Amino acid sequence: MTAVDQAFSPPSQTAPGIRAAIAGEALIDLIRLPGGSVLPCLGGAPYNLCRALARQGVGTQYLNPLSRDRFGRELAAQLLVDGVHLARPEPVQPVTSLAVVNLGEHGHPDYAFYREGVADRAVSSQGLVEACAALPALQLVCTGALALDARDAAIYLPWLADQCAAGHGVVVDANLRPSVMPDLAAYRATVHAALGHAHIIKVSDEDLDHLGVPGADALARAQHLLATNPQAHLLALTLGGEGAWLLHRSGAQCFAKEAQPLLVVDTVGAGDSFLAGLLAHLLRQAQATGGADFVPFVEALAADACQQALRHALASASLCVMEQGCVPPGWEAASAWSRQHLAAQDPL
């Protein structure tokens, strides 16, 4: 067992044990199966990230409310099973968001969302600020995906600005859904505004295309995005089956890709599991070095530490894609996969 493995004790359900707070949608993925039937699965990128972080041993709080309907009760129950703390444990009247998920030839999902008058949007910026202020051990906050809808900018952008001012690490996973946004220009502007508050940015190659970031290829676009967001210290670029990059403002660039093809069932939740693995490893590294504050720790992160965190993140995503729906791995499973399966570290 490494020092990083030993650094964390199991998370507490009380506020002193909460190190990460996540805001954004929790919904039901209605996955269309080949025969035409529909499989309901608990989902939503921030919701998945909560579960994945808690399974990796990180004390985690979900900030948004959940519905009193059956789906909302199931979402809440699964969070509690995984060890996630609920900032709003009392259910609310609005219904649960729905997403219809159609899987492509390689298990890649596309989505249609039903989110009018839903529970996870029944939240205010001030409510998010107050919930985070009540967490004395809080080190990072995260949002992304549907929370970056321009129609919700007044909720999430002031909250992100407040978290920066409070000294918490801000993580934004762009995770764009342009097909369901009525005003793409406003959507892109809101995403860019959120990225401007982030210390850690996660994007996919598709996100970079949708955002219109200039560059000859995905890596060049990611480098440009990092350069134009001076608050950010770290940027993770995911390339699906082609691996992932981790770029640091110091100039360090790490790459990892599974050396052998995976038996992919679907990719639902893979990016969320990747981000959880990355953040869990970084938090454990910070704890192993004496409990350093998270933002200065990430700012000073060395290249070898970046590579270790990236490999753990990749292992976390790899285990997820071999399951149906989002089934995030725990710390031990991801660590074991990383040790037992070689990963290419040079894209050339």
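**View 1. D209 and R221 join up in a salt bridge.** D209 sits in helix α7 (residues 205-211) and R221 in helix α8 (residues 218-227), so the pair ties together parts that are twelve residues apart in sequence. Helices here are DSSP runs of H or I with at least four residues, strands are runs of E with at least two, and both are numbered from the N terminus. D209 is partly exposed at 47% relative accessible area; the cut-offs are under 20% for buried, over 50% for exposed and partly exposed in between (1.4 Å probe, protein chains only). A note for all views: this is a predicted model, with local features needing pLDDT of at least 70 and side-chain atom pairs counting only at pLDDT 80 or more, while totals for chains, interfaces and linings use all residues. Residues are numbered from 1 along each chain as its sequence is written, and side-chain values use heavy atoms, leaving out hydrogens and water.

**View 2. R51, R55 and D82 make up a salt-bridge network.** Zoom in on D82 and R55 and you get an N-to-O distance of 2.9 Å. D82 belongs to helix α3 (residues 70-82) and R55 to helix α2 (residues 45-55), so this bridge ties together parts 27 residues apart in sequence. D82 is buried at 12% relative accessibility, whereas R55 is partly exposed at 28%. Across the whole structure, the search turns up ten salt bridges.

**View 3. E242 reaches K257 through a salt bridge.** The closest N and O atoms are 3.1 Å apart. E242 is in the loop between β11 (234-238) and β12 (244-248), and K257 is in strand β13 (residues 253-258), so the pair ties together parts 15 residues apart in sequence. E242 is partly exposed at 48% relative accessibility, and K257 is also partly exposed, at 27%.

**View 4. There are zero disulfides to draw.** A disulfide would need a pair of cysteine sulfur atoms within 2.5 Å. For C254, the closest cysteine sulfur is in C306, 4.9 Å away and too far for a bond. For C50, the closest is in C142, at 8.7 Å, again too far. C254 is buried at 3% relative accessible area, and C50 is buried at 0%.

**View 5. Helix α6 (residues 184-195) lines up its buried residues on one face.** Its twelve residues reach 16 Å from first C-alpha to last, close to the expected 16 Å (1.5 Å times one less than the number of residues). Y187, T190, V191, A194 and L195 are the buried ones. At the N-terminal end, D183 provides a cap, with a side-chain oxygen 3.3 Å from the backbone nitrogen of A185.

**View 6. A232 sits in the loop between α8 and β11.** A232 is buried, at 0% relative accessibility. Its C-alpha is 5.6 Å from that of I200, 32 residues away along the chain. Setting aside neighbours within four places in sequence, A232 is in contact (heavy atoms within 4.5 Å) with A198, H199, I201, L226 and R249.

Methods:
A salt bridge is a side-chain nitrogen of Lys or Arg within 4 Å of a carboxyl oxygen of Asp or Glu. The arc is that of the directions from the helix axis to the C-beta atoms. A polar contact is a pair of N or O atoms within 3.5 Å; within protein, one must be able to donate a hydrogen and the other to accept it, and residues adjacent in sequence count only if both atoms are side-chain atoms.
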